Each structure stands twice: as structure tokens, then as C-alpha cells.
Amino acid sequence: MTEKRKLNILQILSHKNMERGGAVQGYLLSLGLKKMGHNVKMIFNRGSELEERDIKTLKCVEDNGIEYNFFRMDSWLDVLSFRKMLKENNYDVIHTHRDIALRFVLRASMGMNLNSLFTNRGNNYRLKKKERKLYFSRKLDRIFAVAGAGKDVLVGR
């Protein structure tokens, strides 16, 4: 029996805490990947100040041995800090949750090659022009539509 390769996985959530569905799903996915033996790091969006609910998020993630960090995804300074982190770590997979996180990664990785970048899409509203650029970036390897209606929007049905 061959030993499975341990992946270095980065989960990037545009949520600031784990009070909403997508963030909870990202956290549960990270827990499952960690239990399978993969190295998982979570990135959360953050406001200008850490709030009490952010601290609760940290405690929950920390208690399960998952590395984490907060970045302001609307800040160019944080984009540059995140870019440095990307250069210093060889992530096998980068998974973004929602448009904000995808835009953040695409900005930070300009001119860089990424091993594997994918995102999930849970909305079924039509893409705005600036969103189309995100979802049709050549850096993006896969888009996972959470539902058929979301897929129909992405493929233009």
C-alpha cells in the first residue's frame, strides 16, 4: 500500500468569524483535512480591530491545532504581507471562499505561479463585470458550484 502524500493546504475565508454558514463549512472542511493528515492553514478577513467574536474564532481553530492568520482583504498593505507569506510557503492547494477571498489571492499573487487555486460559488445571481474577471482568471484551476443554479450562471445558461 502506498503512503498518501500530505498536502499543504490554505483555506481563505472572506468571513471575519465563524457565525455564518460558509465560514462554518470552511472550518469543518479544514478540520476534516487536518484529520486526514494534511497541513491546513486558515486565513480570515478582518476589520481594523479584532472583535470579541474574532477571538472566539481563534480559540475554536487553535483548540483543534489549525494554524490561522487574519488579513484585511481590502488593504493593499495586507495584500503585500500575504504575498510574502505565499512566497515563503509552498501551498499545494489554495481554496478561496467567496469573491472577496478570491480577489485577495489574485491581487497578492500577481506575477506568481500557484500550484492549484480553486474557489467555490454558492450564489446564483449574474456575475458583474468585475466579478467575471475573477472567475475567468487563468490562475483559477477550478470553480465548484454549490448548486445547479450557480453553475447555470457561471456557464451562461
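Visitor: Where does histidine 97 sit?
Guide: Histidine 97 belongs to strand β4, residues 93–97, where helices (H or I, at least four residues) and strands (E, at least two) are DSSP runs numbered from the N terminus. This is a predicted model, in which local features need pLDDT of at least 70 and side-chain atom pairs count only at pLDDT 80 or more, while totals for chains, interfaces and linings use all residues. Residues are numbered from 1 along each chain as its sequence is written, and side-chain values use heavy atoms, with hydrogens and water left out.

Visitor: Is histidine 97 buried or exposed?
Guide: Histidine 97 is buried, because its relative accessibility is 5%, and buried means under 20% relative accessible area, exposed over 50% and partly exposed in between (1.4 Å probe, protein chains only).

Visitor: Which side chain does histidine 97 make a polar contact with?
Guide: The side chain of histidine 95 is joined to that of histidine 97 by a polar contact of 3.5 Å; the term stands for a pair of N or O atoms within 3.5 Å, where within protein one must be able to donate a hydrogen and the other to accept it, and residues adjacent in sequence count only if both atoms are side-chain atoms.

Visitor: Switching to the strands, what pairs with β2?
Guide: Strand β1 (residues 8–13) pairs with β2 in the parallel sense over six bridges, and β3 (residues 67–71) also runs parallel to β2, joined by five bridges; pairing requires that DSSP finds at least two bridges between the strands. Isoleucine 9 has valine 40 of β2 as its bridge partner, while phenylalanine 44 has phenylalanine 70 of β3.

Visitor: And how many residues of β2 are buried?
Guide: Six of the seven residues in β2 (39–45) are buried.

Visitor: Which residues touch the most others in the largest nonpolar core?
Guide: They are Leu10, Ile12, Ile43, Phe82, Met85, Leu86 and Ile94, in a core of 20 residues, a nonpolar core being a set of buried Ala, Val, Leu, Ile, Met, Phe, Trp, Tyr and Cys residues joined through side-chain atoms within 4.5 Å. The largest share of this core, six residues, comes from α4. Apart from it lies another core of 15 residues, including Phe44 and Val93.

Visitor: What about leucine 58, which residues does it touch?
Guide: Leucine 58, in helix α2 (residues 52–63), touches Tyr68 and Phe70, leaving aside residues up to four places away in sequence, with contact meaning heavy atoms within 4.5 Å.
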